[in-house]
Amino acid sequence: MTAFLKLYAISRRFGGVTALSNVDMTLEAGEVHCLVGENGSGKSTLIKIISGVQTPEPGAQIIIAGRDVARLTPQESTRFGIQVIYQDLSLFPNLTVAENIAINSHFGRPHLVRWAELRKSAEEALGKIGVTLDLDAVVGNLTIANRQLVAICRALTADAKLLIMDEPTASLTRTEVNRLLDLVRALKAQGICIMFVSHRLDEVLEVADRVTVLRDGNKVGTYSAGEMNDKKLAVLMTGKQFTYDLREIDISCRPVVLSVEGLTRQGEYDNIDFELREGEILGLTGLLGSGRTELALTLFGITRPERGKIFLDAAPITLRSNQDAINAGIVYVSEDRLTLGLVLDQPISSNTIVTVLQHLAGRLNLVPSLIRRDTVDRWVKELSIKVSNIESAVRTLSGGNQQRVVLAKWLARKPRVLILDSPTVGVDIMAKDGIYEIVKSLAAEGVAILMISDEIPEVLYHSHRILVMREGRLSSEHRPHETDEHRLMAAVNA
Amino acid sequence: MHEMLKRLRSKNEFWLAIVLLGLVVFFSFTAPAFFTIGNLNDLLTQNAFTGILCAGLIVVLIAGGIDISFTATASVVQYAAVTLANMYGMNWIILLVIAGGLGAIMGTINAFFVVKFRIHSIIVSIATLNIFYGLLIFITSGNYITTVPDYFYDGINWLEFQLGRRSYGINLQMVLLFGSFILTAFILKATNIGRQIYAMGGNPDAARRLGFSIFRLNLFVYGYMGFIAGIASIAHAQLQLNVTPTVLVGRELTVLAAVVLGGASLMGGVGTVLGTILGVSFLCVLQNGLIILGLPARWEGAVTGLVILIAVAASALEGSRQMNMRRASRKGQEAGAAA
Amino acid sequence: MILLRHTNTQLSILLVILFIAFSLGIDRFFSIESAWSMAIQVSGLGILSLAMMITLLKGGINLSLIATTNLCSLTMAYMINLLTPGAEGLALIGGILVALACGAFVAAFIGALNGYIIAYLNVSPILATLGTMTLVKGIAVGLTAGNVLSGFPEAITYIGNGAVLGIPFSLFVFVGCAIPLAIWLSRTPTGMFIYMIGSNEKATRYSGIDTKWVIFKVYLLSSMLAWIGAIVLMGWLNSARADYSESYLLITILAAVLGGIDPFGGSGKVAGLVLALAILQFISSAFNLLGFSPFLTLAIWGVILLAAAALAIKTRSLQQN
């Protein structure tokens, strides 16, 4: 197998932050090579450098198909056959499947569209991966899985030699993931090199030939998939051995704060029953698409269930909006911190006290600036938020500190139920522990916590009980001290 | 057949056509003067200016932008072109080429500020509207041009025929009106640049990532709008047989309303020539019918405004209903696939 | 935030430079009459600019602003001409108050309409306010056929032209609107919510704020400020017409953008707006004294708007990096 792409001494700095440091990598033709690493490890920067969107620091060497490329531009990268399928797929929702797949044909001369050729080209691409889709369907109406197929076909019509897929399984159901992995194997058989970026270690190992691990911008190593398992990979990715003590903690004597019966919402979740006790940390995990966030949004009042009841302190409640939920003491830390959890361009102070502003207002509905400042300072101290100026925009904070601002905002309302959705995404490893400490101390104070997470270790080592959701249903329940990562992962992927 | 009906039902154009048909039927019965050759001829001729402008604005909206400076562009081009025609004679072809070209250049100024300076297109076009119009009135002192070349009086009259005491035919306004719509439809459906415009409107980030030249596309889009504005200004000048520089500005909103009624969205990426034709026909038929029924001309604006408000409100409601339906059906697809 | 403070400093410096340049270069610029007329003009324009500003802060726009102002003026003018001729004392005051109330009612209705369509029906502010603008102007034209209504009692003309301690009364009205608004925006919960909604409406909603109600209030308030502006303009011009002050639409947007209000929403202060208004008024009066055609001035406003908007975007992108 000849090497398609060789990278030497790739580094990239953004201002004072080092995104990549001296990374070497080789990609062989016809191999499936997985790139793994935590958020912030440098994966997306590396992809951008390979596709020509970013340039590496001087001293780097990029050799494609035996040619030493001095400065790689996006157009050159495409000409070499490098195609990236980003997580957002970059499709045109208002155009048809055929047009999206054959979009490149719109660039050439002649300036008239050759519709017959376009359709043929699209059909061929679909044929290459053995899939049938309605060529005239509007892409905006397709499921995410089908849209992904369209994106892959588009890459194929551009005669891809290296196909980079960035978190392709993030929003797929189990069946769709399997179909995608089969597709990857089929493409590999055709001699196409595939770089698969994912943090789903089980899928990675299923399909990869080799795995490269990045951590904090450095390459930890490249390993053959055969000699790897997910536990070893996790250690390499984080650099930590999880040595948490899994003791049994009995919460059953505490009163039930939140309980849910037969909750159903078509297409999202089905017949959910569970109880959440005071001071309990209930972990909820499952693949994306299993309905976890959808369930959380209903508990938070953003969506309404079609059937079933929600009980707070044994009394049924109806949540017509998230304001009802907040007033009842149920708060939600969204998984999408940057667009739903915080208003990035507004000051840290506004973001921190937005939930209690109306309570702080005094005469004439004015909030004295002294009270505003004192309240914010109190929360900054309480949650150890590292900030130099509370009036700077919250986007200037690190991921971990941003999450603390979100927590401060909700804690200011003295919630009884705290729903955390992927609370440590985009938070670096050191800061994660800080968040866990806050969560544990809240539980000790009696707050009932529902922690939704993708990361098995997170729920395993920090919950009192774990529920697994599969395709909208609760499929199993576990006690941390009676199980381990492997068994939990099996239950999730069952 | 059932499938086709179901597909039609979700299309905005279908409903618009039905409403338009209903309106035409209504007026035909309540106002006998409406459904006559004479009135229909006048309807097309008087509203050609607005219609032609719609053919240009739809392209801007599909690209994801907005432009309200085109009436100022039309005013400037009208004045300049007729002045040149009076000085040098020329003929229709040369005049239209000059008018279109001048308009196109003015239109590209918008593109420049929208792309290179990244200013929102509504603000750019408010600014250019005032710059073009202000400079025009300043330089001309608002004077009329009352002389026009001879060929203006002759106009164009293809397929002429007599009916009663009037002679009818395909005049310059109709030629330019049909021509603009045909040209726009051709560009949008059959050329690569037209498809790129749809793509850019549908997902500007993806377009950028895929290497579309955003600047060139916008130059074309706003330039085309300017070109169309220039053409429209000639249609108007020939009809009026004079040039009043202050009379065109103020009609931007009718044009925008017609295009939005026809299904185009301010978000970009959607819109068809058919929808635009239906939209502008609806507004013009409504105004025309109401006048024949006796509505004083001064109430036209209010009626148009009310119709616009109802239409955008209904369209927004429909849009969110469709989004919910689509989400439910997508979940259904996923559930079905998983089963 | 630091850059914003820079903007106000830059504006103040520009203001001083213009003042000195115009005073030295143009005859009659530095005079009592000039100051007087500038103060009056800037008051009416200023109140309308405040009305435009709050809709911009929230990430929208109010294109129906001038049309609303004119319809209010016409309504009040009509009621005044109906109720006050020949009246004196209490009857006169009563008549005027009733007329003013009618104007307020019209403004409230339009504001509520805008607010409802934008906040609860989710229509884009550009489309919605274009629609109401056409409708409102259409009603004004329909009712008056474009004619002027004029001849108001002294109480009204005092508002536009009268003086208190040598300072125009209308300036007090403007300041009386600007200062409470500035305090409201920076110190009350609703004010802070407006900025947050302008930056990211969804996240603000997720934090439990009733964003629809806040947006509704913004458009309602914008119209009520238009009502106050209408009273001042009526008093100054002693007349009302369906198409008055249409050039003000561009100028209010220009003043806002020049004053540091981000046209996409989320930032901007009243202080900046006031400085920008002063600068624009200086330029306008200078042009007037120099005999510039008002149309040339319009064109120059357009150029300044482009320049100010381009600069604002540059500043914003620098801030984000």
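The model is predicted: local features need pLDDT of at least 70, side-chain atom pairs count only at pLDDT 80 or more, and totals for chains, interfaces and linings use all residues. Residues are numbered from 1 along each chain as its sequence is written, while chains are lettered from A and ligands numbered from 1 in the order in which they are written.

**Chain A overall**

- Chain A holds 18 helices and 20 strands, where helices (H or I, at least four residues) and strands (E, at least two) are DSSP runs numbered from the N terminus.
- With a radius of gyration of 25 Å, close to the 23 Å that the globule rule gives for 494 residues, chain A is as compact as a globular protein of that length. The radius is taken over C-alpha atoms, and the rule is 2.2 Å times the number of residues to the power 0.38.
- The C-alpha trace of chain A spans about 70 × 50 × 50 Å along its principal axes.
- In chain A, 47% of the 494 residues count as buried (20 or more other C-beta atoms within 10 Å of the residue's own; exposed means 12 or fewer, partly exposed in between; C-beta atoms are placed from the backbone).
- Of the contacts in chain A with a separation of 6 or more, 69% join residues 24 or more positions apart; a contact requires C-beta atoms, placed from the backbone, within 7 Å.
- An automatic or database domain assignment gives chain A domain 1 (3-238) and domain 2 (256-493).

**Helix H14 of chain A**

- H14(A) (residues 369-382) has 14 residues and reaches 20 Å from its first C-alpha to its last, close to the 20 Å expected at 1.5 Å a residue (1.5 Å times one less than the number of residues).
- Its buried residues are A:Thr375, A:Val376, A:Trp379 and A:Val380. They lie on the same side of H14(A), because they cover an arc of only 135° around the axis (from the directions from the helix axis to the C-beta atoms).
- On the other side of H14(A), the exposed residues are A:Leu370, A:Asp374 and A:Lys381.
- The cover over the buried residues of H14(A) includes H12 (348-353), H13 (357-360) and H15 (399-411) of chain A.

**Chains C and B**

- In this pair, 35 residues of chain C are in contact with 37 residues of chain B.
- On the chain C side, H5 (125-144), H11 (247-258) and H13 (294-320) each supply at least two residues. The largest share, 13 residues, comes from H5(C).

Conventions. Two residues are in contact if their C-beta atoms, placed from the backbone, lie within 7 Å.
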